[in-house]
Amino acid sequence: MTNELESTGILGDPKQLLLELASLSHLTELLPLAVQRLSDAASVALVRVWLTMPPMPDDCARCRFAKECPNRDRCLHLVASSGRSLVAPNENWQQLDGAFRRFPIGVRKVGQIAATGQSLEVASINLDHAWVANSDWIVAERITSFVGHPLIYRGEVLGVLGLFAREEPTSACFEWLRMIANHLAAAIANARALSEIDSLKKRLELENEYLREEVQQGAAFGDLIGQAPALQAVTRQIELVAPTNSAVLILGESGTGKEVVAREIHRHSQRANRPLIKVNCAAIPRELYESEFFGHAKGAFTGALRDRAGRFELADGGTLFLDEIGEIPLDLQAKLLRVLQEGEIERIGEERTRRIDVRVIAATNRDLRAESEAGRFRQDLFYRLSVFPMELPPLRKRVEDIPLLAEHFLGRFARQLGRSRLRLTLANVQELQRYDWPGNVRELQHALERASIVSTDGRLRFDFHQASSKQRATLSESTTSQRVLTDEELRAFEGKNIEAALAQCRGKIYGPDGAAALLGMKPTTLNSRIKAFNLKNS
């Protein structure tokens, strides 16, 4: 065998090729080099490599062998080609978009090699063979022989190496090509493994970059703490929707814990082992929306110094939480809707389409239905996002949960500050429950953090503003002790109030010391009211 291998037949220097293959680790370099070196031999007409991959969406419609295809899960894709034509010397045989760019597994000679895993060595081509797809090309280019080897690594057929020659190969040539095919298969497997490792490494780095802050704030509102009926209803909804892949729209006032609910949905879903990526839509500059969502390629715009994956790509296989969804500009809403419908994205400056599998959870404190009816939010996007709407109760509607939340936050702040835990008295609880909490759980958290810092003597003191409670109490007293005014009486009262403001400001309307500022309205509005009430401004 050794003596036979010393004679390489129609091949050039296969030993040098094997050494070069061993030094490369990227498919974009590896495969073109292999076919180019093999086609350098004078008697070799064409060398090609096909790899087994799933077809792209339009491949089957354009495939020459679509009617012969037994199944459309995987097929052979032409990835490298090199050779020289006798008929048309200027013809480019390195192109990958010809008629034979795809072969179904099991169809024609190349497909049969992939299906059986067996080599096909034809020393003298018989034009009567059924697998000869283009006999005119065989005759015109004086093709006399064909060698096809499966690229097998650990029992898996990765592709096919095909060589068309104008001279009959020797047995040594067949042996060398088998050896080259085996080395090429191993090199392809190693290159794919390295590429996957690099991809996973970059993805992990990007995920860490995005998730570092998220991990630190992992329990922003103490998870779902409470026993109020309104919160129990939310818990039941989470249990229902979490196992599905349906889109969820979380509605509620600012600070009610919409992000916590999104985390709970993700944690109880089948995607829990993949990341939950958060996007605050209100915090993204308008010109960066597309880059933030879909990513960009290096050099796509000024400042794009490297490739960057977007939030959708980072959330692939996991969940994307779109907070403040109502802040997304209308022109981007159409692109967002397309991604949700098609499951495909394209980075800015890149033509490659990437498939993604992302579950979307959106949140807003706006009335999106009213916004969509008013034309400020796309109706089709609203319906796409609100497959399962959830409304979170404000803290004032679950005051029974305030003691539980307070104890949780006080324990956390005691650990953070390195102090002993502060005692929450009944008087403290009553004081907390009397307040309206317009900022909901977030405001409660901040109030307790502030109290933990200033209460150095072990006694809790709160300094949150009580105006809303007092105003509500004053309004309640006034409405119960006074009769209801008619519309005419109310207009007369408003006119007298404007007259009093004008008199106090000596007729001045504009400026910080003018009547408009005193009344808390715009000067133009005040002028309109003066005309409407036919008042004189002396």
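The model is predicted: local features need pLDDT of at least 70, side-chain atom pairs count only at pLDDT 80 or more, and totals for chains, interfaces and linings use all residues. Residues are numbered from 1 along each chain as its sequence is written, and side-chain values use heavy atoms, without hydrogens and water.

**The sheet**
- Five strands form an open sheet in the order S8-S11-S14-S7-S15, with parallel pairing.
- Strands S8 (276–280) and S15 (388–391) stand at the edges; each has a single partner strand, so one side of each lacks a neighbour in the sheet.
- Neighbouring strands here are turned by 20° against each other on average, direction ignored.
- S8 pairs with S11 (residues 319–323) in the parallel sense over five bridges.
- Pairing requires at least two DSSP bridges between two strands.
- Lys278 has Phe321 in S11 as its bridge partner.

**The helix across it**
- Helix H8 (residues 229–241) lies across S7 (248–251), S14 (359–364) and S15.
- H8 runs at about 160° to S15.
- Angles run from 0 to 180 degrees between N-to-C directions, with axes fitted to C-alpha atoms, for helices over the stretch in contact; contact means heavy atoms within 4.5 Å.
- Helices (H or I, at least four residues) and strands (E, at least two) are DSSP runs, numbered from the N terminus.

**Ala99**
- Ala99 sits in the loop between S2 (75–83) and S3 (102–104).
- Ala99 is partly exposed, at 40% relative accessible area; buried is under 20%, exposed over 50%, partly exposed in between (1.4 Å probe, protein chains only).
- Ala99 and Arg64 are 35 residues apart in sequence and 6.6 Å apart in space, C-alpha to C-alpha.

**Leu417**
- Leu417 is found in helix H15 (residues 402–417).
- Leu417 is partly exposed, with a relative accessible area of 38%.
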